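Please read the following points with the model open beside you. Each takes up one part of the chain.

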Amino acid sequence: MARRPVPTHDSARRAGGRAPSARSLARDPQLLAAVLDHTTSLVVVLDRAGRVVLFNRACEQLTGYRAAEVVGRPLWDLLLTPEDAAQARVLVEGLGAGAFPGSHESAWLTRAGERRQVAWTSSIVRSDAGDVRVVVEIGGEVVGAGAVGQDARALVGEQGARHAAEAAADRLEHILESIADGFFATDPQWRLTYVNREAERFLALGREEVLGRTLWDVVPALRRTIFEDECRTALRDGVAREFDAYYPPSQRWFGCRLYPAAGGLSVFFEDVTRRKRAQQSQRFLAEAGDILSSSLDYQTTLQAVARLAVEGVAEICIVDVVERDGTVRRLELAHADPEKEELAAELRSFPLDRASPHLVFRVLETGKPELVPLVPESYLHDISQNDRHLELLRALDIHSHMIVPMIARGRTIGVITFVRRTGARPYDTEDLAVAEELARRAAIAVENARLYGDAQQAVLARDDILAAVSHELGNPLQAIIMAEKMMVASVHDDSARYYGDAIRRSAERMERLIHDLLEVHRVQARQLTLERRPCAVEPLVREACEGLMPLAEAKPLRLDIELGDTPLPRILADAGRVVQVISNIVGNAVKFTPGGGRVWVRGAATDDEVRLEVFDTGPGIPAEQRPFVFDRFWQARRTGRVGIGLGLAIAKGIVEAHGGRIGVESEEGKGSRFHFSFPRADTPDARRVAARDRAAQEPPPPAEPDA
């Protein structure tokens, strides 16, 4: 239930096409200015220090002073006689305790120096905390005060006050009867003392039937609700309250404002159901959107959306999807009542029957939603397949439902059904709009998930073909290599050796390519085998770099190892795979760094891992390409074709298979930094992994002989 402090200086609110509410009237600055400047009563507002806050036109006409000359100055500076000034100071000092007389007289001095006797009625305006904020004084000049006696002045003041009060009451009643908000007032014993037309309409009773009766007798449904709690709090604490409350008999939300006073409680209320429903709909769609975007498994996400729907917008939510072969599959049937889950599960066992006039099939065929505010009993008979099916449908208490299509690329790929039971508010066009928006988002999620699945299947098929072809090429390639060796050994001709060397180099390059293709397939299929053992880092780094030294010297460029004087901790890893990672990353840096540049390797240790870094002074990697560096078949642009882009993808797969991390930082024109890590061998986690690997490699115990 929303609660908020009562605003004191809000701008006026306007509702299109309807009369302003009492709250907006009370806060409209233009209306207040018009009322204060056109009233014949003298109106002065003072702050706690006695300074003038407001000085209306009637005061200007009486005194000859303009408001700008008076506002901000203490009242006694210009307007009071010395004796009245002393009395006013005493009165102001009592403001903190709320001590201020309800009525009094004082003499005002005009600009011309004339005395004008004024009869005043005073009231205090308190803050939400109960402190005195301002004093409002409304008065009228006592005509003939110098010539007529004190009794005459009192009589004239009393008559003027009575006439002013009657006029004010008439104006207030006119406003209360004109506003679109409901309004009623009670005395301290909760007896209704006033009810406006809108409140009469809400109560469905005439005011002559309710005035004098207690609020709780007239509207017993308000008993033991937040409305009663707030009313009692407002009257007890003397503080205005504002809140929203749901009224079950009308199934609507109302915004309420309570104004306590010594004479009882004034209550304004307005129908805010449309606003509350809009808020709930937006919240529901936002939560559903989060679910739909959380995974590419559309079946799981649609089931989660159905369960979300039964938490607020439906008692039952059913999701049916159209499979690729055209069959309709009931993906989910969620029920808000956990006790009816078994019933819902049994209902799922009845497949949809195309021979029945089920609205699901009509929506699938037309692509148009169906809204049925009141589901007739005959419909349940028509779609039931047997007596048990009809019994289950009746047990679900289907009162109102709507069925909306999920449409993607002009094709209906499923439907979502929302059901409400008897007693709940029937669905309407506003509900249908929300349901259609949900179905639209769901259709996009389903289509994206299916397209992603198709792409994944295509990639897997491609990888399988590459792996199969690579494997099959191995034997012919080995035959070529053996034939080349035999040819060179048997022929002592320089030209034969020259062409033989060309054949050997090409065959070796093909062999490396086939090896990489098979490796990346193993990485993708999570079939990478690891023989993890504790091993020193520096020998592995030197082994990898020494194999690349001839390539670096040929450019030429510097290839340095900077691991520091303190040996790095041992890592738990497959030594051959670590060398492969370092070779791939350092080799990549050597390939793309121009001659005269530099490539170097550094290392550092943390509590649980050893981190290696490979720096280069190459051209760097553009920002838009960095996210794809470790993808298969990625190649740096503007550097020519060097390999087919599998080395970094294989390195990433090996590092992650060890439980490590890999990444890259780069800036165009300033080189790159690749970093990767392997777990230390001396951590508890590493020891557990090593023990598990040893257990997996131990042969099983021999089977016991049969007795």
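1. A contact means heavy atoms within 4.5 Å. By that rule, and leaving aside residues up to four places away in sequence, Ile585 touches Val614, Leu648, Ala651, Ile662, Phe674 and Phe676.

2. This is a predicted model, in which local features need pLDDT of at least 70 and side-chain atom pairs count only at pLDDT 80 or more, while totals for chains, interfaces and linings use all residues. Residues are numbered from 1 along each chain as its sequence is written, and side-chain values use heavy atoms, with hydrogens and water left out.

3. The chain contains 22 helices and 22 strands; helices (H or I, at least four residues) and strands (E, at least two) are DSSP runs numbered from the N terminus. Of its 707 residues, 41% are buried, where buried means under 20% relative accessible area, exposed over 50%, and partly exposed in between (1.4 Å probe, protein chains only). Among contacts between residues at least 6 apart in sequence, 57% join residues at least 24 apart.

4. A nonpolar core is a set of buried Ala, Val, Leu, Ile, Met, Phe, Trp, Tyr and Cys residues joined through side-chain atoms within 4.5 Å. In the largest one, of 42 residues, Ile585, Val586 and Phe676 touch the most other members. Elements that each supply at least two residues of this core include α19 (537-554), α20 (575-592), α21 and β22 (672-679). Helix α20 gives the largest share, 8 residues. Apart from this core lies another, of 35 residues, among them Val310, Ala334, Ala439 and Ala445. In soluble globular proteins, nonpolar side chains tend to be buried together.

5. Helix α21 spans residues 647-657, and its buried residues include Leu648, Ala649, Ile650 and Ala651. Just after α21, Gly659 takes a positive phi of about 85°.

6. Is Arg277 buried or exposed? Arg277 counts as buried because its relative accessibility is 14%. This residue lies in helix α11 (residues 273-292). Not counting residues up to four places away in sequence, Arg277 touches Arg425, Asp428, Glu430 and Asp431.

7. Ile503, in helix α18 (residues 494-524), is partly exposed because its relative accessible area is 36%.
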